[in-house]
Amino acid sequence: MSVDEVGRWPSRFGSRVLRRFVETRELTLLVLIVAIIVGMSLASPVFLSLANFRAIAIGMAPTVIIAVGMTVLLVSGGFDLSVGSVLALASTVAALLLLSGASIPLAILGALALGVIIGLANGIVVTRIGVNPLVATLGSMSIARGIALVLTEGFSLSNLPPAFGWAGRAEILGLPFLLWVALALVVVFDLAMRHGSFFRQLYYIGSNEKAARLSGLAVNRVRTLAYMLSGLLAALAGVLLASRLMSGTPTAGNALELQVLAAAVIGGASLRGGEGTVLGAFLGVIFVALINNAMTMLAVSIYWQMIVTGAVLVLAVALDMLVRRGDG
């Protein structure tokens, strides 16, 4: 073994350990989730209660729905910072349409169409004009939030038709309807990402955009569709949230994009594209939700919860960068 090889041995060994950790990310998350549940059940007798798990499930359902779209987008090499604002604007528009006399299906379709349009605009700006995704979606985030605040003058819209609250109140087999919707999306899109020919294109595009273009893939069209899907699912989460709260709230989803990105990256998605699964993102959402719930039960302030969420995101991204550097 040469001196140079001896010097590089620790980094190679560390790279293999990190690579192994990443390859078993979903299994590792499951172990961590079980560890949190066991630890918190010992720390707080309330943690294992049905009411607490029900609250966690209802609270994380919108995040799961948005994380599905974000994962699809991350795999293609893009990302979307506007999802929280789209959620708020969709809930506001659905409420405005209902209060103006529109039928419930029309109000829902109007809000979902708005999400698709915002996603389409993001996709065009990024793929056709060439604006950096960070700048493009940061701009749409501000625009969508601003429109929601202008339309409502900053106030929540209530007095919605009672029938609109069905999705927010309904239960099937003892579980909230919101959670069933989120689980269905996770199953459908995880299978689609693993076996669907269209969704497999996202991995090729995210891994090597230039090679994908030379192979004849419609890179701009596929990536734009991914942005539209992200907008649609963010709007769907907004409609379901409005149904649960029975109000359109322009300030809803504030900083939600950070939680969604953290969950997706923790679950194995790479900010450089080409890697990630919907199942991993789902486990990432559960992991983040349990940490937040544990901190709440342990009376940790909301400010420290924000710090911890940000720190977890940075650590997950740093881990991804270290593994890729080791592969290089």
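This is a dialogue on how to read some features of a predicted model.

Biologist: What kind of model is this, and how are its residues numbered?

Modeller: The model is predicted, so to speak of local features pLDDT of at least 70 is needed, side-chain atom pairs count only at pLDDT 80 or more, and totals for chains, interfaces and linings use all residues. Residues are numbered from 1 along each chain as its sequence is written, and side-chain values use heavy atoms, with hydrogens and water left out.

Biologist: What is a nonpolar core, and which residues of the largest one touch the most other members?

Modeller: In soluble globular proteins, nonpolar side chains tend to be buried together. A nonpolar core is a set of buried Ala, Val, Leu, Ile, Met, Phe, Trp, Tyr and Cys residues joined through side-chain atoms within 4.5 Å. Buried means under 20% relative accessible area, exposed means over 50%, and partly exposed lies in between (1.4 Å probe, protein chains only). Here the largest core has 95 residues. Met-60, Ile-65, Ile-66, Val-72, Phe-189, Met-193 and Leu-202 touch the most other members. Helix α3 (residues 50–75) gives the most to this core: 15 residues.

Biologist: How are helices and strands defined?

Modeller: Both are DSSP runs, numbered from the N terminus: helices are H or I with at least four residues, strands are E with at least two.

Biologist: Which residues is Ile-65 in contact with, leaving aside its neighbours within four places in sequence?

Modeller: Contact means heavy atoms within 4.5 Å. Ile-65 is in contact with Val-181, Ala-182, Leu-185, Leu-233, Leu-236, Ala-237 and Leu-240, once those neighbours are set aside.

Biologist: How do I read the span of a helix, say α11?

Modeller: Start from the expected span, 1.5 Å times one less than the number of residues. Helix α11 (residues 219–245) has 27 residues. From first C-alpha to last it reaches 39 Å, close to the expected 39 Å. Of its 27 residues, 20 are buried, so α11 is largely enclosed by the rest of the structure. Met-246 follows α11, with a positive phi near 55°.

Biologist: How is a pair of aromatic rings described?

Modeller: The distance of the centres and the angle of the planes describe it. Rings of Phe, Tyr and Trp (its six-membered ring) pair if their centres lie within 6.5 Å; planes under 30 degrees apart count as stacked, over 60 as edge-to-face and the rest as tilted. A search of the whole structure finds four aromatic pairs. In one, the rings of Phe-47 and Phe-53 have centres 5.6 Å apart and planes at 65°, so the pair is edge-to-face. Phe-47 is buried at 0% relative accessibility, whereas Phe-53 is partly exposed at 30%.

Biologist: What about Phe-189 and Phe-199?

Modeller: Their ring centres are 5.9 Å apart and their planes stand at 90°, so this pair is edge-to-face. Phe-189 lies in helix α8 (residues 177–195) and Phe-199 in helix α9 (residues 197–207), so the pair ties together parts 10 residues apart in sequence. Phe-189 is buried at 12% relative accessible area. Phe-199 is buried at 17%.

Biologist: What counts as a salt bridge, and how many are found?

Modeller: A salt bridge is a side-chain nitrogen of Lys or Arg within 4 Å of a carboxyl oxygen of Asp or Glu. The search of the whole structure finds five. One joins Arg-194 and Glu-26, at 3.7 Å from N to O. Arg-194 lies in helix α8 and Glu-26 in helix α2 (residues 25–43), so the pair ties together parts 168 residues apart in sequence.

Biologist: Where do Glu-171 and Arg-54 lie?

Modeller: These two form a salt bridge, with the closest N and O atoms 2.3 Å apart. Glu-171 is in strand β1 (residues 171–172) and Arg-54 in helix α3, so the pair links distant parts of the chain, 117 residues apart. Glu-171 is partly exposed at 40%, and Arg-54 is partly exposed at 35%.
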